[in-house]
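Please read the points below with the sequence and the 3D view open side by side. They begin with one residue and its surroundings, and then turn to how the chains meet.

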Amino acid sequence: MYPYITFLTDFGLQDDFAGVCRGVIKRISRDVQIIDITHGIAPQAVTQGALMLARSIPYMPVGVNLAVVDPGVGGDRRALAIRTADGRIFVGPDNGLLMFAADASEVEAVRALTNPRYRLEPVSHTFHARDIFAPAAAHLASGASFEDLGEELDPATLVRIELPEPTVGTTRVVATVLAVDRFGNLQLNLAREHVEAIGLTPGVDVELIFAAYSYFAVVAHTFVDTRPGELLLYEDSYGAYSIAISSGDARKLTAAFAGDEVTILARRD
Amino acid sequence: MYPYITFLTDFGLQDDFAGVCRGVIKRISRDVQIIDITHGIAPQAVTQGALMLARSIPYMPVGVNLAVVDPGVGGDRRALAIRTADGRIFVGPDNGLLMFAADASEVEAVRALTNPRYRLEPVSHTFHARDIFAPAAAHLASGASFEDLGEELDPATLVRIELPEPTVGTTRVVATVLAVDRFGNLQLNLAREHVEAIGLTPGVDVELIFAAYSYFAVVAHTFVDTRPGELLLYEDSYGAYSIAISSGDARKLTAAFAGDEVTILARRD
Amino acid sequence: MYPYITFLTDFGLQDDFAGVCRGVIKRISRDVQIIDITHGIAPQAVTQGALMLARSIPYMPVGVNLAVVDPGVGGDRRALAIRTADGRIFVGPDNGLLMFAADASEVEAVRALTNPRYRLEPVSHTFHARDIFAPAAAHLASGASFEDLGEELDPATLVRIELPEPTVGTTRVVATVLAVDRFGNLQLNLAREHVEAIGLTPGVDVELIFAAYSYFAVVAHTFVDTRPGELLLYEDSYGAYSIAISSGDARKLTAAFAGDEVTILARRD
C-alpha cells in the first residue's frame, strides 16, 4: 500500500490525457493521493523528463512514481516497475525516463508490466499510460504485490540515457543547455566542480558564446545580486548551473534551445 | 452522496476560474475528490468539449460530472443536471456539451438548476460555473436530492449537437477534423466501419487531400510501425481514426484546424 | 490545524516548480488538501497576482493561503505569514502580493518566516517557495503555532501596492487595463461608481480610445445582450468593469496589455 502516486508526463493539460489517467487511478485506488509533478515536458522529450523527474523526486513523499514520456509506445520497448532502495517504486517505459531518478537511489528489483490483471484490456496501441502504466501504479498503491506485476528483469538490461559531458579547459568550459524553464532560464550540464575548475566564483565576469552571438555576464548567487537586464551564471535551486537574466528572459535574448552548446569564458583583463 | 466530481471546462489554467470553482466546491463538500479531466478545451468550443467529455467519462469513477463550456452564459439557455442509467450525474449548460456523454448511457431524469438554495447568490451574469454549476455539483456530492435542484425537464427538449457525417464512396471518404491534440494529431469523424468500407487496413497506402495540399500516408496500427516523418492514418486509443506523423506534428505540416475537411483516397497502383 | 492550503503562483505548469512544492507540502502534512487557485500569473507580475488572490479568496474555504510571485527572491525582502481577522493565514513574500487579500479582512498579526525548524535547509537562493513558503504553510496546516514561525512584524511596515486610480471626468473616464484573461477580456480599474459617474448604464453607446485606435462599444450586462463581434463594457463576475467582445477576443482586436490606458467616452449624439 502506498498513499501517494506522483505523476509526470509530456501530455500537457490541453487534452484529457492526464485527466483520463487520473480517472483510471481513482477507479482502482480510491484513497491514493495523486501529486502532479508536471505534465509540461516537451512532447517526446525523454531526456528532459528524466532530468526533471530525478531532481523532483527527493522532494516527494515515498510512494509510486508514475512517469510517461513514451515515443516508443506500441513498439517493443518494455513497460517497467522499478523498486529502489529508498522504498520508492517507479512505473513507466523502458527508455531511460526513470533511470536518473532510480539510479540516484539504488535499483533493487525490476518487473515487466505484463500481467493482464493489472492492465486495462484491450490495451491500445498508443495510450499505454491509460492502459498499462496508470493501472499498474494504482494497483501497487492499493496493495498489489510488486512481484505479481510480471516477470523479473535484470536491472543491467534497462535503457539508460547518456548526458553530454561538458568540456572543461583551463579558461573556458563548453557546456550544453539541458532544459529551458518557464522563466527563460537555461539549465546547463554544469556542476560546481566544472565552474570552479576555470576559476569562476560569484562576482567574476564571464563571456557566454553561443553559436551566433556572444554576451557578457556575471557569476552571481542570485538575481538580486545583479542589475536588471544583466545576464548571470548561477547555481540553481537544484544545484545545476544556469544562465538567466535578472528581471528578464534569457531564452528570448539568446534564442537558445535544449541541446545548444554554449562556451563560458572567464574574462581576465 | 458522491465521492467524486470530475471537472472539464474551457477555462484554461492561466486565470483563477477553475481554481475558484474548486474553492466553491470545497466550501460545500469537504470530502469530495475533484478529478480535473481538462480545462484546455478551446474557448467556447462546445463540440470539442462534448467529444472530449464523452470519450473520457468511461474511464472516470461514478460520480458527478461537472462540465462548463458556456458561450451562452447569462442568456436564456438552461442550466442542467442529468441523471443517467449508469448512476452518473452530469451538471452543465443546456447547449449540447453534456449530451454525447449522457446519451452514451441513457438519460433517466433532468432537472433545471433553479433552486436558489443550491446557487451562490447573487448569481453573476458571466460566471455560472462558480455561481450555479459548481455549487449544484458540490451539493449533489454532499447528499442533496437530485429532485430538489429545480423543476423537471423533458429529456427530448435538451439541445443536442449534430456531428458532421463522413461521405463514404467506393475508393474515397471525405472526413472532417473534429479536434487537434497537443501532439498535433488530427482526430477525424471516422470509425472503423468507414475506413474498412473503402478497403483500408493496416499497411495500405493512402492519399490525404486537404484544401491546399495533399500528402501520401500509410494506414498503420501505431507510430512505431512507420518511419519517422511518415504520415499515418490510425485508430486512436478511443477508437476514432486520426492522422499523425511519426515523431512529428501533423498539425504543423498540414495546418489543419478542427472543422477542416480531408479526403482520404486509397492508392491502388 | 488547517484542512486546506490554497496555492497561487507565477510558476506555470510547464516545469516542476508547483509540483515540487506540492511534494514538500505532502511530506510535512499528509492530510491537508491543496487547492490550486492558479499558477498562471505572468512571470513576476506581482500586481496581477495580488489582484487575482484578493478576488479569489472569498470563494476559498478558510485555511492557509500560499502565494508566491517573487522577483526579489534571494534578496532582503522578508518572508511573511499574516493572520487575518477572518481566520485565514497568508504565506508569501513581503512585496505586496498578499496585501489586497489580507487587507480585505483585517491584519491581526504578522510573523517573519525565520525559524529554521520550518524551513528546508539549506535554503536556496532562488526557490524560497520550496524551501521557506511551502514548508511554513504545511507546518501551519499540521498544527505549528503561528507565533513559533519567527519574530513578530509590525503590519504597518509591510510592502503594499498602489493601484492606478481612474481619472473620472464629466463625459469620460481614463482607466487602466489591470489584467487580460484567457478569453481576451480586459479587466479595468473601474468600479460601478466610476462608470455611473459619467452616466453609463446598460444600453449606452461608448467609444473606447486606446493609444493607437478607438472603437465603438456598448455598455451591457453580459455577452448575450450584444451581437457577435460587438465590443462591450460590462461589470464582470467579481464586480470589476471589463472590456470584451461577444464571441471574440478583445485582446486580439485591441492588442492591449496590462498597464495600458483606455479612455471611455459616452457617445451622446
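1. Leaving aside residues up to four places away in sequence, Val32(C) touches Tyr2(C), Pro3(C), Tyr4(C), Ile5(C), Ile25(C), Lys26(C) and Ala141(C). Please keep in mind, here and in every point that follows, that this is a predicted model. One of these neighbours, Tyr4(C), stands 28 residues away from Val32(C) along the chain, and yet the C-alpha atoms of the two are separated by 5.4 Å.

2. Where in chain C does Val32(C) lie? It belongs to the loop between helix 1 (17–28) and strand 2 (33–38) of that chain. Is Val32(C) buried or exposed? Its relative accessibility is 2%, and because buried means under 20%, Val32(C) counts as buried.

3. Turning to the relation between copies, chain A can be laid on chain C by a turn of 120° with a shift of 0.0 Å along the axis, and the RMSD of that superposition is 0.0 Å. This is the relation of a three-fold axis. Which residue of chain A comes closest to the rotation axis? It is Leu13(A), whose C-alpha atom is at 5.0 Å from it.

4. A student may ask why the copies are said to meet through different surfaces. The reason is that only 12% of the interface residues of chain A are also interface residues in chain C, so the surfaces used by the copies are different.

5. In the contact between chain A and chain B, 33 residues of chain A meet 32 residues of chain B. The size of an interface is often given as the accessible area lost when the parts come together. Between chain A and chain B about 2,600 Å² is buried, with 55% of it on carbon and sulfur atoms.

6. As for the specific contacts between chain A and chain B, the count of salt bridges is 1, and it joins the side chains of Asp16(A) and Arg55(B), with 2.7 Å from N to O. There are also 19 residue pairs in polar contact between these chains, counting pairs in which both residues are at pLDDT 80 or more. Helix 1 (residues 17–28) of chain A gives the most to this side of chain A, namely 8 residues. Sorted by class, the side of chain A that touches chain B holds 12 nonpolar, 13 polar and 8 charged residues.

Definitions and conventions. Residues numbered from 1 in each chain as written. Chains lettered and ligands numbered in written order. Predicted model: local features only at pLDDT ≥ 70, side-chain atom pairs only at ≥ 80, totals over all residues. Heavy atoms only, no water. Contact = heavy atoms within 4.5 Å. Buried area = accessible area lost by both parts, 1.4 Å probe. Salt bridge = Lys/Arg side-chain N within 4 Å of Asp/Glu carboxyl O. Polar contact = N/O pair within 3.5 Å; in protein donor to acceptor, adjacent residues only side chain to side chain. Helix = DSSP H or I, 4+ residues; strand = E, 2+ residues; numbered from the N terminus. Nonpolar A, V, L, I, M, F, W, Y, C, P; charged D, E, K, R; others polar. Least-squares fit on C-alpha atoms with pLDDT ≥ 70 in both. Buried < 20%, exposed > 50% of the residue type's maximum accessible area, 1.4 Å probe, protein only.
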